[in-house]
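Look at the sequence and the model below before reading on. The paragraphs that follow go from the whole chain to single residues.

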Amino acid sequence: AHTAARGDASLAVMGLSHGASPTEVKLRFYELAKLTHPDAVRDAPPTAGQPTFVEVLSAFEVLVAEEAAAAASAGATAPNA
């Protein structure tokens, strides 16, 4: 349940819904990274309500880890061909 809550929060930070594919997660991360990375926004003040780069990166890492765990779990339970 704790991991699911982290995943839900990560989806919210990234503006994604449940069922987002790994490709969608990756593309959204790249979009948000371009908007929030300190090198990209050096002279722009932060926008209220916009996630920081650290929040975006953390959310991306949680979602990638969950996907990897799900794939490993599916592989571990799949019958050998």
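How many helices and how many strands does the secondary structure of the protein chain come to? There are three helices and zero strands. Along the sequence, the pattern of the protein chain reads α-α-α. The model is a predicted one, and this holds for every value in the text below.

Some totals describe the chain as a whole. The protein chain has 81 residues, and 21% of them are buried.

Next comes the interior. In soluble globular proteins, nonpolar side chains tend to be buried together. In this model, the largest nonpolar core consists of 12 residues: Leu11, Met14, Leu16, Val25, Phe29, Leu32, Ala33, Phe53, Val56, Ala59, Phe60 and Leu63. Helix H1, which covers 2–14, supplies at least two residues of this core, and so do H2 and helix H3, which covers 53–77. H3 gives the largest share, five residues.

Now take helix H2, which spans residues 22–36. H2 has 15 residues, and the distance from its first C-alpha to its last is 21 Å, close to the 21 Å expected at 1.5 Å a residue. Which residues of H2 are buried? They are Val25, Phe29, Leu32, Ala33 and Thr36. Seen down the axis of H2, the buried residues fall within an arc of 105°, so they line one face of the helix. An α-helix has 3.6 residues a turn, so residues three or four places apart point the same way. On the other side of H2, the exposed residues are Thr23, Leu27 and Lys34.

Phe29 is one of the residues found in helix H2. Phe29 counts as buried because its relative accessible area is 9%, and buried means under 20%. Leaving aside neighbours within four places in sequence, Phe29 is in contact with Met14, Val56, Leu57 and Phe60. Phe29 and Met14 are 15 residues apart in sequence, and their C-alpha atoms are 7.1 Å apart in space. Met14 has its own list of contacts. Not counting residues up to four places away in sequence, Met14 touches Val25, Arg28, Phe29, Leu32, Val56, Ala59, Phe60 and Leu63.

Thr36 also lies in helix H2. Is Thr36 buried or exposed? Thr36 counts as buried because its relative accessibility is 8%. The side chain of Thr36 reaches the backbone oxygen of Leu32, at 2.7 Å. With neighbours within four places in sequence left aside, the contacts of Thr36 are Val41, Gln50, Pro51, Thr52, Phe53 and Val56.

Lys34 and Phe53 are 19 residues apart in sequence, with 9.0 Å between their C-alpha atoms. Glu31 and Met14 are 17 residues apart in sequence and 9.6 Å apart in space, C-alpha to C-alpha.

The last stop is helix H1, where Gly7 and Ser10 lie. Gly7 is buried, with a relative accessible area of 3%. Which residues is Gly7 in contact with, leaving aside its neighbours within four places in sequence? They are Val62, Leu63 and Glu66. The C-alpha atoms of Gly7 and Phe60 are separated by 9.6 Å, while the two residues are 53 residues apart along the chain. Ser10 counts as buried at 6% relative accessibility. Not counting residues up to four places away in sequence, Ser10 touches Ala59, Val62 and Leu63.

How values were computed
Residues numbered from 1 in each chain as written. Predicted model: local features only at pLDDT ≥ 70, side-chain atom pairs only at ≥ 80, totals over all residues. Heavy atoms only, no water. Helix = DSSP H or I, 4+ residues; strand = E, 2+ residues; numbered from the N terminus. Buried < 20%, exposed > 50% of the residue type's maximum accessible area, 1.4 Å probe, protein only. Polar contact = N/O pair within 3.5 Å; in protein donor to acceptor, adjacent residues only side chain to side chain. Contact = heavy atoms within 4.5 Å. Expected span 1.5 Å × (residues − 1). Arc of directions from axis to C-beta. Core = buried A, V, L, I, M, F, W, Y, C linked by side-chain atoms within 4.5 Å.
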